[in-house]
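My notes follow in the order in which I checked them.

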There are 2 protein chains.
Amino acid sequence: MNIIDGKKIADEIKSEIAKEVKEMLDNNTKAPHLAAIIVGDDPASQTYVANKEKACHEVGFISSVYKYPSTITEKELLDTIDFINNDDDIDGLIVQQPLPKHISVDKVIEKINYTKDVDGFHPINFGKMASNLPAFIAATPLGILELLKRAGVETEGKHCVVLGRSHIVGSPMSILLARNTNPGNCTVSLCHSKTKNLKEISAQADILIVAMGKLEYVKADMVKEGAVVIDVGLHRVPSNETKSGFRLKGDVKYDEVSKKCSYITPVPGGVGPMTITALLMNTLKAAKKEI
Amino acid sequence: MNIIDGKKIADEIKSEIAKEVKEMLDNNTKAPHLAAIIVGDDPASQTYVANKEKACHEVGFISSVYKYPSTITEKELLDTIDFINNDDDIDGLIVQQPLPKHISVDKVIEKINYTKDVDGFHPINFGKMASNLPAFIAATPLGILELLKRAGVETEGKHCVVLGRSHIVGSPMSILLARNTNPGNCTVSLCHSKTKNLKEISAQADILIVAMGKLEYVKADMVKEGAVVIDVGLHRVPSNETKSGFRLKGDVKYDEVSKKCSYITPVPGGVGPMTITALLMNTLKAAKKEI
């Protein structure tokens, strides 16, 4: 059994990006610039954005954060996005979610110029991704593709089962792995809350991608001997054994499942560290006008 | 075994559309207007466009056809699209494929204003469709959804296997039937040329959608007893028994498969008649500014 070390792979990619930024600066090209908009004072959002800023600085990107109170009107927010769309200094733009209820998330996402949409949430990026055209791919699926590639997992002709059909993980993941690309060319089965024989289908998977948001739902009897298991779940569980008073766990019951796997991502240290790194990859692409 | 009569369902839908157009005219609203661009003199394209014009006239739509020689430059074609995009009289625009090799199909599709993209080929429509937002859905998948709905096929919790991952049929079909909608909420497996155990997966299907482009590929041993089978294939096979000298056949070996099915679409008279009808449905939506 091989543990796919997301932390190590993320660090490798960040080193590669930092090297490329250094070369850009040496060639008198400006560093990639990521802008984030944050509305309101949700503590988790503050932490996420702060982590993104930190990651930007680690690789030499410029980062800017636009903070607004939750009283901002939809029009004001859309105008701000328009302003950033037209600012040539800024390569990538993300709008941290959740947004206050009086603001339409769909309108906000569609307002972002898709060539700066480094979150890959704009419908046009989703559509281009599905057609195998140059596009920003959402951070978590992009991170998983990188993990599979760098861990040396062969995907062609494999049966990949995706558990969970969310718009930012399960659904794009199912499309990406069915494309005629590498990684890709899997037979893909997409399962969700309405799936009847989940255990039976899951146990057929050569590659099992679990993005259900259910604590330790996937047990050993749902996994085939030799499967590759990617665990996207992230749950805080109270614990007496840690200083913080909690531990992080996934959607997969790691102790029993890992024994059957050829490859598995742990929680923490698997998919998680790749998410921000994938955002950096997208921002670099945006700066290089690759999309 | 129930034969899903695509011709009959298509006629029903066309009557409903014709009735709605009459009401629009009675209310002094102009009739929906579909424009088609055709480049070069491919005989099949001429026939397709002529059939689309005929269908428009049947339901009371206005139709116009812009014909260009295959020497038209890409820029001239893109300018024409822009002109039609800005013509408020025209609700829907399709550009008949294939196009000459010196013209980028992707550029042409992306040039069409997505609110007039009644073929549903623009990436933004694909992305919105995947997110369950109002969008134009490509004609063949939309036609199949209508067939399933009007034939009364229940889809929720069913295992749907899609054979073929083309961008205009298999791929969108797999996304549509996995969405949290009705029809939808299927567990969906998408198979293609790289799938290894096609027969085994196909035989698990409660609903089998065959869009492979391979004459009579699906035999009885690939189909579960009681399955719903939708055959998207269309092949001309030489025949001494018909005046025309050929017969139409599908991707499914109908005689042996139909005996096992709960529902099946024949070829001809199944999915085929729904395709142009779905285009009319989209054009009506465009005229009503529903997208």
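**Entry 1: helix H7 of chain A.** I began with H7(A), and 9 of its 9 residues are buried, so H7(A) is largely enclosed by the rest of the structure. I took buried to mean 20 or more other C-beta atoms within 10 Å of the residue's own, exposed 12 or fewer, and partly exposed in between, with C-beta atoms placed from the backbone. Helices (H or I, at least four residues) and strands (E, at least two) are DSSP runs, numbered from the N terminus. The buried residues run from A:Gly170, A:Ser171 and A:Pro172 through A:Met173, A:Ser174 and A:Ile175 to A:Leu176, A:Leu177 and A:Ala178.

**Entry 2: conventions.** I am reading a predicted model, in which local features need pLDDT of at least 70 and side-chain atom pairs count only at pLDDT 80 or more, while totals for chains, interfaces and linings use all residues. Residues are numbered from 1 along each chain as its sequence is written, and chains are lettered from A and ligands numbered from 1 in the order in which they are written.

**Entry 3: helix H5 of chain B.** How many residues of H5(B) are buried? I found 8 of the 8 in residues 123-130, so H5(B) is largely enclosed by the rest of the structure. Among them are B:Phe126, B:Lys128 and B:Met129. I then asked what covers the buried residues of H5(B). From chain A, the cover includes H5 (123-130) and H7 (170-178). From chain B, it includes H4 (105-111) and H7 (170-178). Contact here means C-beta atoms, placed from the backbone, within 7 Å. Just after H5(B), I noted a positive phi of about 65 degrees at B:Asn132.

**Entry 4: loops of chain B.** In the loop between H7 and E6 (187-191), I looked up B:Pro183. A cis peptide bond joins B:Asn182 to B:Pro183, with omega about 0 degrees. B:Asn185 is in the loop between H7 and E6 too. B:Asn185 is not a glycine, yet its phi is positive, about 60 degrees. B:Asn185 counts as buried because it has 22 C-beta neighbours inside 10 Å.

I moved on to the loop between E7 (207-210) and E8 (228-231), where B:Glu216 sits. B:Glu216, also not a glycine, has a positive phi of about 45 degrees. Its 19 C-beta neighbours inside 10 Å make B:Glu216 partly exposed.

My last stop was B:Pro268, in the loop between E11 (263-264) and H10 (272-287). The peptide bond from B:Val267 to B:Pro268 is cis, with omega near 0 degrees.

How values were computed: Two residues are in contact if their C-beta atoms, placed from the backbone, lie within 7 Å.
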